[in-house]
Amino acid sequence: MTRLTEEAQGVYVIAVTPFNDDGALDMESVDRMVDFYLEAGATGLTALGMMGEAPKLTTAESLEVVQRILARLNGRIPLVVGVSAPGFAQMAELSKASMDAGAGGVMIAPPGNLKTDAQIVTYYTQAAEFIGDVPFVLQDFPLATGVHIPVSAIARIVEDVPTCVCLKHEDWPGLEKISALRAEGTLARRISILCGNGGLFLPEEMDRGADGAMTGFCYPEMMRDIVRHSKAGDPARARDIFNAYLPLARYEQQPGLGLAVRKYVLAKRGVIGSAALRRPGAGLTKAAQAEVDTLLARQEERLKELN
């Protein structure tokens with residue numbers, strides 16, 4: 001088992017959950033997907049995230065997906081499992097089962113009823129008590145959860161809860177938050193900061209002190225190269241690469257459409273067998289598919305110019 005630590009960096013890709021056209025899990029595509037992410041240079045994977053259609057899975061299916069990914073990874077890189085749930089009992093059960101299967105850690109998003117700093121800190125303190133010594137990622141995604149977690153609350157959680165080893169920064173706009181968290185004296189100890197939002201702000205986030213990305217995009221190579229060049233001290237090259245992918249990345253981030261775009265492109269790339277979303281959810285219209293195909297062609301032209 002490769003456990004998640006405060007040193008996590010690079011690209012932890014949020015994996016999609018492949019389905020057949022009839023809505024059944026497609027485990028052969030899970031294997032191909034894992035191989036693809038490894039070849040693309042992922043330093044970790046995250047399963048059952050918000051863009052992994054986790055709420056559409058049964059508990060048994062969730063564990064089945066986790067076990068299949070772990071079997072294919074065979075310990076090469078860590079797997080983080082999204083375990084957010086309405087209650088701590090479900091969270092603890094999936095956390096234990098995932099860790100017993102070989103996961104490296106879990107990710108926890110706050111429920112939408114948390115309104116004060118004290119409530120947020122208490123929630124994560126209690127969650128940590130329920131899951132035991134399992135290292136976890138604090139998911140800060142107010143656009144999806146409705147919970148705004150200020151720097152002061154994050155600092156308190158980091159100080160009080162030693163198993164909080166990583167922040168998934170997905171505030172928007174949130175660059176100042178990264179700067180504040182990286183300022184000397186803000187946190188009692190350094191934790192990893194991996195960023196979301198489909199990589200739309202990744203060059204700027206790396207400039208502010210992020211350690212990498214924990215998000216999905218149909219071309220994880222983009223995130224890999226931005227992180228690599230940023231860490232190598234070549235932000236100009238990182239931005240050139242980012243700009244080549246930006247039109248498609250921006251198109252993929254449309255609310256209500258993004259996952260369908262991602263799965264459509266992954267299917268075109270041969271990574272998954274079908275672009276199907278499990279209901280509720282629909283694939284792209286023919287018109288949207290044509291738009292994506294045009295963006296893909298232009299992207300290839302930009303990448304050829306870069307190389």
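Aromatic rings and their surroundings

Student: Why is Trp172 called partly exposed?

Tutor: Trp172 has 36% relative accessibility, and buried means under 20% relative accessible area, exposed over 50% and partly exposed in between (1.4 Å probe, protein chains only), so Trp172 counts as partly exposed. This is a predicted model, in which local features need pLDDT of at least 70 and side-chain atom pairs count only at pLDDT 80 or more, while totals for chains, interfaces and linings use all residues. Residues are numbered from 1 along each chain as its sequence is written, and side-chain values use heavy atoms, leaving out hydrogens and water.

Student: What makes Phe201 partly exposed?

Tutor: Its relative accessibility is 24%, so Phe201 counts as partly exposed.

Student: How do you know that the rings of Phe217 and Tyr219 form a tilted pair?

Tutor: Rings of Phe, Tyr and Trp (its six-membered ring) pair if their centres lie within 6.5 Å, and planes under 30 degrees apart count as stacked, over 60 as edge-to-face and the rest as tilted. For Phe217 and Tyr219 the centres are 6.3 Å apart and the planes stand at 50 degrees, so this pair is tilted.

Student: Why are Phe217 and Tyr219 called buried?

Tutor: Phe217 has 1% relative accessibility and therefore counts as buried, and Tyr219, at 9%, counts as buried too.

Student: What makes you say that a charge sits over the ring of Tyr219?

Tutor: The term requires NZ of Lys or CZ of Arg within 6 Å of the ring centre and within 35 degrees of the ring normal; the charged end of Arg269 sits over the ring of Tyr219, 3.9 Å from its centre.
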